[in-house]
Amino acid sequence: MRRMRSDVITVQTGSRPTVRDITAEAQGFVSGEGDGLLHVFVPHATAGLAIIETGSGSDDDLLTAIDALLPTDNRWRHRHGSPGHGRDHVLPAFVPPYATLPVL
């Protein structure tokens, strides 16, 4: 039986919604490990993980879709922080903070 391995990477995103590609970090982690599952988790209440193509406009499309679905306005009951911040706490219900990927 193989032992489970884990690692922590730090991703800085700033104060505005952003898409950060972590493909290189994931590839480096699984390199040479053989077949299995890669589980990625973001331990933050206002972040999510999406499996999308980046660099061709899809990252901006994702942010635009999130803005359309979850506008940054005063409709949110969760009101600490900047105006509309409550939507950030709803985001993980739509873009989950984890993903499990097969590695072949």
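The model is predicted, so local features need pLDDT of at least 70 and side-chain atom pairs count only at pLDDT 80 or more, while totals for chains, interfaces and linings use all residues. Side-chain values use heavy atoms, with hydrogens and water left out, and residues are numbered from 1 along each chain as its sequence is written.

I start with the layout. The protein chain has three helices and two strands, in the order α-β-α-α-β from the N terminus. Helices (H or I, at least four residues) and strands (E, at least two) are DSSP runs, numbered from the N terminus. The C-alpha trace spans about 50 × 30 × 20 Å along its principal axes. Of the 104 residues, 19% are buried; buried means under 20% relative accessible area, exposed over 50%, and partly exposed in between, with a 1.4 Å probe and protein chains only. Taking contacts (heavy atoms within 4.5 Å) between residues at least 6 apart in sequence, 63% join residues at least 24 apart.

Now the charged pairs. The whole structure contains five salt bridges, each being a side-chain nitrogen of Lys or Arg within 4 Å of a carboxyl oxygen of Asp or Glu.

One of them joins Arg5 to Glu33, with the closest N and O atoms 3.4 Å apart. Arg5 is in the segment before α1 (23-30) and Glu33 is in the loop between α1 and β1 (36-41), so this pair ties together parts 28 residues apart in sequence. Arg5 is partly exposed at 38% relative accessibility, and Glu33 is partly exposed at 33%.

Another salt bridge links Glu25 and Arg20, at 3.1 Å between the closest N and O atoms. Glu25 is partly exposed at 30%, as is Arg20 at 38%.

Arg87 belongs to helix α3 (residues 86-90) and Asp67 to helix α2 (residues 58-69), so the pair ties together parts 20 residues apart in sequence. Arg87 is buried at 4% relative accessibility, whereas Asp67 is partly exposed at 39%. Through shared partners, salt bridges join Asp67, Arg87 and Asp88 into one network.
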